[in-house]
Amino acid sequence: MRRDFEDKVVIVTGAGLGLGRAHAIEFAKRGARVVVNDLGGAVDGTGSGNTAQAVVKEIIRLGGEAIANTASVAEVEGAQSIIDAAVDAYGTVDIVVNNAGILRDKTFANMTLENFRAVMDVHLMGTVYVTKAAWPIMCGKGWGRVVFTSSGSGIFGNFGQSNYGAAKMAMVGMMNVLKLEGIRKGVKVNCLAPGATTRMTENLGDPNRAPRSPSLVSPAVLYLCSEDAPNGVILQAAGGRFSIVEVCVNKGVDLSDDATYEDFLEHADEILDQGSLKPRSLRAN
């Protein structure tokens with residue numbers, strides 16, 4: 001087994017179960033020193049438990065090195081404590097995998113603003129808080145890797161998940177900016193769009209679909225954090241299948257400088273034509 005992450009300090013949030021647990025173990029197997037963060041709560045974010053400690057024990061039994069952190073990423077102080085724990089134990093931070101998340105699904109008509117905000121606080125603001133705390137350390141040393149966990153629910157949409165989808169698509173927007181700001185400092189930022197059978201997904205999707213192991217997503221995460229990682233990509237991973245999602249722009253139509261609504265209607269079919277779609281990047285990575 002390759003030791004590509006020998007002595008790298010890796011933080012994985014939401015690593016007590018499911019995807020995060022799988023990521024943490026795979027990093028540790030390859031020499032990383034891992035901070036396993038998890039509040040240990042229920043799928044909706046309530047409660048707490050000792051799932052992080054259990055994963056640390058598992059890593060140590062495998063001959064790896066890890067510590068547990070049970071802070072909530074949805075609080076600035078909690079997020080900072082995750083970074084502080086890494087620095088106190090291992091002296092630095094090299095890699096941050098933002099994986100923590102909760103679900104509070106309802107149709108938009110029936111969703112309370114409290115539940116919308118709670119999901120945004122964990123997924124989006126939790127990612128912001130943790131990344132913000134680690135950013136100066138990675139930029140200061142001239143090397144770092146950050147993974148945002150996006151989702152097809154945001155990229156393509158999923159019924160009843162307006163809060164979750166909004167947070168997950170926001171990851172893409174943040175990545176598109178930080179990939180430009182970080183590359184000058186040797187920090188690369190990418191998005192993962194995973195698919196796996198976990199307690200968060202067991203009641204979603206096709207009940208007849210065969211279970212998909214979280215460990216089959218982890219190869220993509222490790223690649224996004226490797227020395228040869230890309231910068232600013234959305235990498236899909238599910239059941240051992242891997243692919244890239246890109247934002248595309250079609251040929252479009254140039255109307256006159258005084259274009260009107262009526263002009264637009266006249267050319268609407270051409271404007272909306274998807275036959276000439278091409279990937280679009282604002283600037284080279």
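Guide: Let's start with Asp273, which is partly exposed at a relative accessible area of 41% (buried is under 20%, exposed over 50%, partly exposed in between, with a 1.4 Å probe and protein chains only). Asp273 sits in the loop between α9 (268-271) and β10 (278-279); helices are DSSP runs of H or I with at least four residues, strands are E runs of at least two. Keep in mind that this is a predicted model, where local features need pLDDT of at least 70 and side-chain atom pairs pLDDT 80 or more. Residues are numbered from 1 along each chain, and side-chain values use heavy atoms, without hydrogens or water.

Patch members have over 30% relative accessible area and no salt bridge, with like charges joined within 9 Å and nonpolar side chains within 5 Å.

There's a nonpolar surface patch to look at as well: Tyr261, Phe264 and Leu265 make one of about 330 Å². Phe264 belongs to helix α8 (residues 261-266), and this Phe264 is partly exposed, with a relative accessible area of 37%.

Now head inside. The largest nonpolar core has 39 residues, and Ile11, Phe148, Val189 and Ile234 touch the most other members; a core here is a set of buried nonpolar residues joined through side-chain atoms within 4.5 Å. Elements giving two or more residues to this core include β1 (9-12), α3 (76-90), β5 (144-149) and β6 (187-195). Helix α4 (113-141) is also on that list, and α4 gives the most, nine residues. In soluble globular proteins, nonpolar side chains tend to be buried together.

Last stop: the charged pairs. The structure holds six salt bridges (a Lys or Arg side-chain nitrogen within 4 Å of an Asp or Glu carboxyl oxygen). In one of them, Glu58 and Arg21 meet at 2.7 Å, N to O. This pair links distant parts of the chain, with Glu58 in helix α2 (residues 51-61) and Arg21 in helix α1 (residues 18-29), 37 residues apart. Arg21 is partly exposed at 30% relative accessibility.

Another salt bridge joins Arg30 and Glu26, again with N to O at 2.7 Å. Arg30 counts as buried at 18%, and Glu26 is buried at 15%. Through shared partners, salt bridges tie Glu26, Lys29 and Arg30 into one network.

How values were computed
Areas by Shrake-Rupley, 256 points an atom, 1.4 Å probe, with all protein chains shown as cover.
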